[in-house]
Amino acid sequence: MGDYQIMNFQYNEDNETNVNVPAPNDDDNASPDYRKSTSCSSSPPTAAASPATLSLPRKKSSILGASSNLVNSIVGAGIIGIPYALRMSGLISGVALLVLVSVLTDKSLRLLIEQASFHPRLKNRNVHTFEELASYPFGKVGSGFVLFNMFIMAYGAMVAYLLIIKDTLPTVMGYEHGTHMLERNIIVIVTSFAVMVPLSMQRDMASLSCTSALSVLADIVLVVFIASFAPVKESVAEQGGFLQVLRKDGIQSTLFIGLGILSTAMACQHSAFIVANSLENKTRRRWRIVTNQSIGISAMLCAVLGISGYLGFLENTQGDVLNNFPLDSMQADAARILLAFTMYVTYPMESFVARHVLIMLVHNGDMDARGGFTFDNETQLEEIELAETRPRPDEEATVNTTNANQTLGSVTVEGGGILCMNRRQSTIKT
């Protein structure tokens with residue numbers, strides 16, 4: 001169909017590889033088996049984009065790149081709240097809940113992708129999005145519910161990242177919290193346009209692999225910093241030793257508050273399909289490696305930071321553990337710079353999810369905006385493109401020329417919606 005090609009992903013059980021099989025351009029010439037496998041009657045009506053309109057990634061990433069993106073999506077602003085989560089749930093129960101949440105997150109990530117890409121009944125249906133998978137058991141209601149929650153989670157995370165940047169970077173530059181509001185706002189706006197916007201305008205998530213790797217490195221340095229400078233020995237000694245801390249704060253009655261914080265900190269299911277689609281040669285084994293590495297690294301970072309941060313300040317642990325450090329210390333400023341850097345390069349991860357939702361709703365999944373910024377131009381343009389190979393007498397596109405007896409010319413359509421990062425021009429000869 002024009003410059004677009006319908007990709008049919010098939011799973012080979014012997015070697016666990018995906019084989020990209022181009023579908024026929026003309027359904028009339030397609031084999032009966034193909035028409036049966038792509039028949040709309042066998043799938044429920046859904047608002048999700050069809051494979052013909054959904055824009056798939058053009059750039060792929062390796063296992064290391066996909067793992068970096070997934071870790072960057074998990075270890076965001078939530079990591080600095082892990083010590084407070086342990087304070088609410090207790091040290092023993094908090095660590096146990098962290099392990100439980102990590103295992104369930106890893107299981108859910110693999111379950112989502114394996115069901116969509118490798119299930120015997122779905123592997124040939126080109127299920128590339130979370131909402132499309134939800135549409136099979138729940139129809140349009142399930143698809144809309146997933147899109148709504150994906151946008152809420154992504155938008156909330158983006159707002160949280162901006163607030164953290166506003167509370168950290170201006171403070172390091174000498175503008176204390178509660179003063180110099182104009183200067184603080186200018187710093188956030190300028191740095192956001194300089195760093196966040198260019199990264200968020202990348203077409204494919206694979207392009208963020210390098211920045212995600214840098215963000216993971218910054219998170220590791222931040223964890224090492226807190227573990228090194230938190231006054232763990234002094235706080236534990238004041239309580240009478242580590243065993244006394246376990247007896248007193250091992251399990252708390254408010255452990256469900258800590259469970260909520262830990263669950264939110266590890267949440268990344270809304271970006272699972274975007275990361276998985278960016279993985280080169282996606283197979284069960286390769287995706288399992290990505291999830292195991294990502295969840296393992298994220299859980300380890302959260303555990304080290306959470307335990308050291310909580311033991312360093314115990315009942316005085318704040319929601320942002322960096323606020324427990326002196327505001328005018330060099331160590332605190334270095335930690336805030338690292339945290340601000342991670343927020344700048346983590347923001348695009350959530351921006352990709354929010355952009356995906358808007359493109360699905362506005363452009364029916366077509367990121368290249370073939371029909372411009374309308375809800376139904378994509379369908380109209382598709383009909384024009386099909387008219388080139390399968391014209392109908394009542395729908396044949398014609399362009400009047402100086403000769404009224406002739407029907408020669410061309411139809412040029414240019415797309416470039418406000419949600420898309422590129423433009424496409426199609427010329428249809430008639």
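How many Å should the 12 residues of helix H2 span, and how far apart are its end C-alpha atoms? At 1.5 Å a residue, helix H2 (residues 63-74) should span 16 Å, and its end C-alpha atoms are 16 Å apart, which agrees. The model is a predicted one, and its chain of 430 residues, 47% of which count as buried, comes to 14 helices and 4 strands. Of the contacts in the chain with a separation of 6 or more, 75% are accounted for by residues 24 or more positions apart.

**Helix H2 and its surroundings**
- Helix H2 is mostly covered, with 11 of its 12 residues buried, including Ile-63, Gly-65, Asn-69, Asn-72 and Ile-74.
- The buried residues of H2 pack against several helices, among them H4 (91-118), H7 (209-229), H12 (284-313) and H13 (330-363).

- Glu-350, which is found in helix H13, is buried yet has no salt bridge, and the nearest side chain of opposite charge, Arg-355, is 12 Å away.
- Not counting residues up to four places away in sequence, Glu-350 touches Ser-73, Met-153, Ala-154, Ala-157, Met-158, Tyr-161 and His-270; Ser-73 is itself one of the buried residues of H2.

**Salt bridges**
- The count comes to 4 salt bridges, among them the one between Arg-110 and Asp-106, whose closest N and O atoms are 3.1 Å apart.
- Arg-110 and Asp-106 are 4 residues apart in helix H4 and so are separated by about one helical turn; Arg-110 is buried at a relative accessible area of 18%, and Asp-106 counts as buried at 10% relative accessibility.
- Arg-184 and Asp-167 meet through their side chains in a salt bridge of 3.9 Å, N to O. Because Arg-184 lies in helix H6 (residues 181-200) and Asp-167 in helix H5, the pair ties together parts that are 17 residues apart in sequence.
- Arg-184 counts as buried at 1% relative accessibility, whereas Asp-167 is partly exposed, with a relative accessible area of 39%.
- Within helix H13, Asp-333 and Arg-336 are 3 residues apart, or about one helical turn, and they form a salt bridge with closest N and O atoms 3.7 Å apart.
- Asp-333 counts as partly exposed at 21% relative accessibility, while Arg-336 counts as buried at 3%.

**Cavities**
- The largest cavity is lined by 23 residues, of which Ser-55, Pro-57, Ile-274, His-356 and Met-367 lie nearest its centre.
- Helix H5 (130-172), H11 and H13 each supply at least two residues of this lining, and H13 gives the most, with 5 residues.

Conventions: Residues numbered from 1 in each chain as written. Predicted model: local features only at pLDDT ≥ 70, side-chain atom pairs only at ≥ 80, totals over all residues. Heavy atoms only, no water. Expected span 1.5 Å × (residues − 1). Buried < 20%, exposed > 50% of the residue type's maximum accessible area, 1.4 Å probe, protein only. Contact = heavy atoms within 4.5 Å. Lys, Arg positive; Asp, Glu negative; His and termini not counted. 1 Å grid on protein atoms, 1.4 Å probe; cavity = no way out; pocket = protein on both sides within 12 Å on 5 of 7 lines; lining within 4 Å.
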